[in-house]
Amino acid sequence: MIEKIESIKSEALNEAALIKNVDTLEQFRIKFLGRKGLVHELFEGFKDVPPQEKGRTGKALNELKQVLQEIFDSKKSELETGSAAGDDTDHTLPGRTFNKGTRHLIHQAIDEITSIFAKIGFDIYEGYELEDEFHNFDALNTPDYHPSRDMQDTFYVDSAGKDKKYLLRTHTSPGQVHVMQSNKPPIRVVVPGKVYRNEEVSSRSLAVFHQVEGLYVDKDVSFRELKGTLDYFAWEFFGKGLKTRLRPSFFPFTEPSAEMDVECILCKGEGCRVCKHTGWLEILGCGMVDPNVFKAVGYDPEEYTGFAFGMGIERTLMIKHGIPDIRIFYENDIRFLKQF
Ligand SMILES: [Zn+2]
C-alpha cells in the first residue's frame, strides 16, 4: 500500500507539471481527487490493510491527499491569475538588468556643498525662483540704474496690473533677504537653487544654472571668520591643504568684496591650460554684508555685521572635474552622467 501511495504521488507530480489550462486541470482533478479517482480508490483499499500497518499507511494516505489538493489549488489559482497560461518562459535565462538611476551630479554637488556648511552650523533655505525687484535688486543695494537690471540681463515676467515688477531671480541672493526679513540674528544659512540670466548659451554660459549662496550675520562677525569659513569649505570640497587666496573685487551687496581662488587642483599651482597658466582657479565671490542691505531688511548696521558668499554650481563642478563645456550638464548623455 505504501509503495502504491508513493507511486501515485510521483505520477501526480509529473502530471502536475503538464497542467497548462482548465481542461488539463480538470483531468488531473478527476484522475486523482475525483469521486472515482485514485485517492478514493486507496481509501477504499484501506480497510484491507493489516492492523499493524494501519497507522503508518493512514498517515501516508492523508499526506498524499493533502499534497494533491495543494497542487490542484495552486495550479487553479495560477490559471486564474494567468501566470501559467501559455507560459513559454525560459526560466534558465539570466535576468534582465535595468539601468539604475542616480542623482544628477548638480544635485549631488548641492547636497555635498550644503552638507559641508551644515557641519559648521549653517541651515539650508530654499528661496523663490519668481521674485520681485525689491528682493532681487533693491534690498541688495543694486539701484535702478545698475546694468544688471537691464532687460538684456534679466528675464522680466509680465507684471501688468501688479504693484510690483516680477522677474526670474538672477541670483540666489534674494534668499538672504527673505531669511533676514523673517528672522533675527544670529543667522547662518546657505541658499541653493536655480537662477536665470538672459544670456546667450555658449560653452561658458547658460540662461539657467545653479548657485549656492551663504550668509552669516551676528554681532562682531569679522573678515577673518569669512576667510576661515571659506578655507574650510575649499579644503572639504576641493582637497585638504590646498592654498587659497582672496583678491579684491566688487559686488553691490558686499563691502569690502573679494573673489576667492584655490590653488589649481590639476597642476598644483605649476600652471596649466585649465588655470590659464596662473596656477589659480577662481571659485567664488564673497564679502562683508553692505550696511545698506542691513538697512533694507530693518537690521541696525551699527549692531550687526556679517558676511556673504556665492558660487555657481556648474562652474565649481567644471573646475573640480575639468569639464570643458557647461552645456554638457544638460545634454543627458549617459556616457557623461555615468561617470558621477
Ligand atoms: Zn593648473
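1. The three-stranded sheet. Strands E2, E4 and E3 form an open sheet in that order, with antiparallel pairing. Strands here are DSSP runs of E with at least two residues, numbered from the N terminus; helices are runs of H or I with at least four. Two strands pair if DSSP finds at least two bridges between them. E2 (130-132) and E3 (156-157) stand at the edges with a single partner strand each, so one side of each has no neighbour in the sheet. E3 pairs with E4 (residues 166-168) over 2 bridges, in the antiparallel sense. Val157 stands opposite Tyr166 in E4.

2. Basis of the model. This is a predicted model: local features need pLDDT of at least 70, side-chain atom pairs count only at pLDDT 80 or more, and totals for chains, interfaces and linings use all residues. Residues are numbered from 1 along each chain as its sequence is written.

3. The seven-stranded sheet. This open sheet has the order E1-E5-E6-E10-E9-E8-E7, and its pairing is mixed. E1 (123-124) and E7 are the edge strands; each has a single partner strand, so one side of each lacks a neighbour in the sheet.

4. The E7-E8 hairpin. E7 (residues 244-251) and E8 (residues 254-263) run antiparallel and are joined by 7 bridges. They form a hairpin with 2 residues between them. Phe251 has Thr254 in E8 as its bridge partner. Ser249 is partnered by Ser257, also in E8.

5. Helix H8. H8 (residues 223-237) lies across E7, E8, E9 (280-289) and E10 (305-312). H8 runs at about 145 degrees to E9. Axes are lines fitted to C-alpha atoms, for helices over the stretch in contact; angles run from 0 to 180 degrees between N-to-C directions.

6. Helices H1 and H4. The axes of H1 (residues 2-16) and H4 (residues 51-81) come within 10 Å and cross at roughly 10 degrees. That makes H1 roughly parallel to H4 (angles under 35 degrees count as such). H1 contributes Ile2, Ile5, Ile8, Lys9, Ala12 and Ala16 to the contact. Among the H4 residues in the contact are Leu61, Leu64, Leu68 and Lys75. Contact requires C-beta atoms, placed from the backbone, within 7 Å. The contact residues divide into 11 nonpolar, 1 polar and 2 charged (nonpolar: Ala, Val, Leu, Ile, Met, Phe, Trp, Tyr, Cys and Pro; charged: Asp, Glu, Lys and Arg; polar: the others, Gly among them).

7. Domains. The chain is divided into domain 1 (2-81) and domain 2 (105-337). These bounds come from an automatic or database domain assignment. The domain centres, taken over C-alpha atoms, are separated by 77 Å.

Note on methods: Angles under 35 degrees count as roughly parallel, over 145 as roughly antiparallel, 65 to 115 as roughly perpendicular and the rest as oblique. Two residues are in contact if their C-beta atoms, placed from the backbone, lie within 7 Å.
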